[in-house]
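Here's a quick walk through one model, taking a few spots in turn. Have a look at it first, and then we'll go through the details.

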Amino acid sequence: MKIKKLYINTIGCQMNVYDSEQIAERLHRIGYVTDTRVEDADLVIINTCSIREKAEQKAFSFLGRLAKMKRDKPRMIVGVCGCVAQQEGQKIIERMPHIDFVLGTQAIDRLPAAIERIEKHPCRIVDVDMSQVIQESADISAPPKPHEVSRFVTIMRGCDNFCTYCVVPYVRGREMSRDPEKIISEIKSLVVNGIREITLLGQNVNSYGQKQDLCDFPTLLKQINDIDGLFRLRFTTSHPKDLSDDLIDTFQSVEKLCYHIHLPVQSGSNDVLARMNRRYTREKYLEKVIRLRETCPEIAITSDIIVGFPGETRADFEQTKALIERVEFDSLFAFIYSDRP
Ligand code: SF4
């Protein structure tokens with residue numbers, strides 16, 4: 001089989017990093033190897049993020065730069081995946097004649113077939129179908145590279161929370177949890193191949209399994225903890241409203257779980273939290289922080305803050321500042337509000 005070169009540009013969160021690994025693994029099976037030079041690539045994919053306007057602009061600016069490259073090298077295939085692909089679909093193809101395909105967040109398994117179709121008979125493809133179940137491939141994980149010790153593993157996709165500032169439920173669909181047996185078998189195969197640290201990913205890992213009546217998240221953590229050869233376990237992200245006492249207790253009972261939780265508060269004002277549809281108050285948030293520190297005094301707590309949410313007053317902002325001072329987060333990601341379609 002002729003070796004073809006694949007260049008992937010990944011923008012956005014850990015979920016996209018994981019998806020890009022999945023894309024590379026699936027395309028490896030049809031002869032593509034990843035390369036770090038876009039100029040040499042036979043296939044260029046951008047895995048996009050639409051959570052903030054700036055990330056979207058970054059994607060379109062990269063795609064714009066590819067237009068000349070495609071004119072000089074017409075057989076090069078150019079495609080868009082991820083959240084912007086899901087959101088904009090057909091509009092991208094109409095706006096940018098040099099793009100060959102647009103595949104949404106739930107179309108990764110269909111990507112190799114789409115590429116083979118384009119290779120045989122150049123055509124343009126848009127696939128943004130959303131399914132209500134997670135399609136599991138038999139062997140889902142790319143084997144680790146030499147000396148690689150950490151990996152992300154997605155345990156669920158989508159979100160049902162509809163925070164008013166967030167596009168995720170629209171571009172990644174409703175919340176779906178993966179079967180625990182599939183997750184455990186993926187982690188076991190990574191560990192056999194040298195991985196020692198796993199970070200479990202989900203938009204809200206705290207609600208893992210509830211909707212489909214699978215095991216709950218603390219139980220999943222305990223099962224993963226029993227995997228021989230795994231040294232460290234982490235997870236992200238936790239919605240404060242679903243952080244249960246049982247989950248807090250795992251910081252004591254699950255020995256491989258690292259003492260860190262990312263618990264996005266977003267605002268310290270109850271008015272703003274209500275308008276964000278976060279479904280907790282600053283008081284409830286502070287209670288969870290106290291409980292976490294009582295259970296695990298060494299725990300590192302990190303968070304996200306949005307500044308300038310529509311209607312936020314000076315008094316709201318002062319309440320956020322006061323909450324930050326009170327909690328003394330170990331690290332904080334603070335963003336200016338970004339209006340999304
Ligand atoms: S819980 Fe997270 S992913 Fe879901 S809507 Fe809210 S901010 Fe977005």
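## Around proline 144

Setting aside neighbours within four places in sequence, proline 144 is in contact with Arg151, Leu190, Asn193 and Ile195. Keep in mind as you look at this that the model is predicted. As for where it sits, proline 144 belongs to the loop that runs between strand E6 (125-127) and strand E7 (150-154). Is proline 144 buried or exposed? Its relative accessible area is 15%, and since buried means under 20%, proline 144 counts as buried. Now look along the chain to methionine 130: it is 14 residues from proline 144, and their C-alpha atoms are separated by 29 Å.

## Aspartate 226

Another loop residue is worth a stop. Aspartate 226 lies between helix H8 (217-225) and strand E11 (232-236), in the loop. With a relative accessible area of 58%, aspartate 226 is exposed, because the cut-off for that label is over 50%. Aspartate 226 and serine 185 are 41 residues apart in sequence, with 12 Å between their C-alpha atoms.

| Pair | Apart in sequence | C-alpha to C-alpha |
|---|---|---|
| Proline 144 and methionine 130 | 14 residues | 29 Å |
| Aspartate 226 and serine 185 | 41 residues | 12 Å |

## Helices H11 and H12

Two packed helices are described by the angle between their axes and the distance between the axes. For helix H11 (residues 282-295) and helix H12 (residues 314-327), the angle is about 10° and the axes are 11 Å apart. Angles under 35 degrees count as roughly parallel, so H11 is roughly parallel to H12. On the H11 side, the contact is made by Arg282, Tyr285, Leu286, Val289 and Arg293, and H12 brings Gln319, Leu323, Arg326 and Val327. What kinds of residue make up the contact of H11 with H12? They divide into five nonpolar, one polar and three charged.

## Domains 1 and 3

Zooming out, the protein chain is divided into domain 1 (4-127), domain 2 (132-258) and domain 3 (261-341). The C-alpha centres of domain 1 and domain 3 are 35 Å apart. Where these two domains touch, six residues of domain 1 are in contact with five residues of domain 3. The size of an interface is often given as the accessible area lost when the parts come together. Between them, domain 1 and domain 3 bury about 450 Å², with 36% of it on carbon and sulfur atoms. Which residues of domain 1 lose the most area to domain 3? They are Arg52, Glu53 and Gln87, together giving 76% of what that side buries.

Key. Residues numbered from 1 in each chain as written. Predicted model: local features only at pLDDT ≥ 70, side-chain atom pairs only at ≥ 80, totals over all residues. Heavy atoms only, no water. Helix = DSSP H or I, 4+ residues; strand = E, 2+ residues; numbered from the N terminus. Buried < 20%, exposed > 50% of the residue type's maximum accessible area, 1.4 Å probe, protein only. Axes fitted to C-alpha atoms, helices over the stretch in contact; angles between N-to-C directions. Parallel < 35°, antiparallel > 145°, perpendicular 65-115°, else oblique. Contact = heavy atoms within 4.5 Å. Nonpolar A, V, L, I, M, F, W, Y, C, P; charged D, E, K, R; others polar. Domains from an automatic or database assignment. Buried area = accessible area lost by both parts, 1.4 Å probe.
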